[in-house]
Amino acid sequence: MVSLMDTDGTGTLNLIEFKTLWLKIQKYLEIFLKADADKSGTMDAYEMRVALQDAGFTLNNTIQQIIAQRYADPDLTINFDSFISCMIRLETLFKMFKTMDKNNSGRIGFSLPEWMCATLV
């Protein structure tokens, strides 16, 4: 999360970056608690789908399945830490896409260095 929120590239969070992260964690905690219908402290795939929608992410089934595979534990549940990591990562990916989609076409192209920078974030 630090690397995703480190906007000035120092490898640490300054006060403003930390405050931004803290506010995001609080927001996503509310979403997590609301979506955790069975109050188990974890989410199943259906609860995760609801949480993603509540967070404002409209994703197709394939992307949601990939998220579940990447962030779920072996018992196919997603804990709060994984949920936060997923939300911050999604936010970063959407932000990068919007920045690179200069003409709002819904498509972007990458050079190899740009691709490497985008995927290493």
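Let's start with a working rule: a residue is buried under 20% relative accessible area, exposed over 50%, and partly exposed in between. Keep in mind that this is a predicted model.

**Exercise 1. Work out whether Phe94 and its ring partner Phe57 are buried, exposed or partly exposed**.

Step 1: Phe94 has 34% relative accessibility, so it counts as partly exposed.

Step 2: Phe57 comes in at 8%, so this one counts as buried.

Step 3: Now the rings themselves. Their centres sit 5.4 Å apart with the planes at 40°, so Phe57 and Phe94 make a tilted pair.

Step 4: Find them along the chain. Phe57 is in the loop between α3 (45-54) and α4 (61-71), while Phe94 belongs to helix α5, so the pair ties together parts 37 residues apart in sequence.

**Exercise 2. Classify the pair of Phe32 and Phe83, and say which parts it ties together**.

Step 1: Check the distance. Rings pair if their centres lie within 6.5 Å, and here the value is 5.4 Å centre to centre.

Step 2: Check the angle. Planes under 30 degrees apart would be stacked and over 60 edge-to-face; with 50° between the planes, Phe32 and Phe83 are tilted.

Step 3: Phe32 is in helix α2 (residues 15-35) and Phe83 in helix α5 (residues 80-100), so the pair links parts 51 residues apart in sequence.

Step 4: Look at accessibility. Phe32 has 3%, so it counts as buried; Phe83 has 0% and counts as buried.

**Exercise 3. Which residues do ring pairs link into a cluster****?**

Step 1: Count the aromatic pairs: there are five.

Step 2: Follow the links, and you get a cluster of Tyr28, Phe32, Phe80 and Phe83.

Note on methods. Residues numbered from 1 in each chain as written. Predicted model: local features only at pLDDT ≥ 70, side-chain atom pairs only at ≥ 80, totals over all residues. Heavy atoms only, no water. Phe/Tyr/Trp six-rings, centres within 6.5 Å; stacked < 30°, edge-to-face > 60°. Helix = DSSP H or I, 4+ residues; strand = E, 2+ residues; numbered from the N terminus. Buried < 20%, exposed > 50% of the residue type's maximum accessible area, 1.4 Å probe, protein only.
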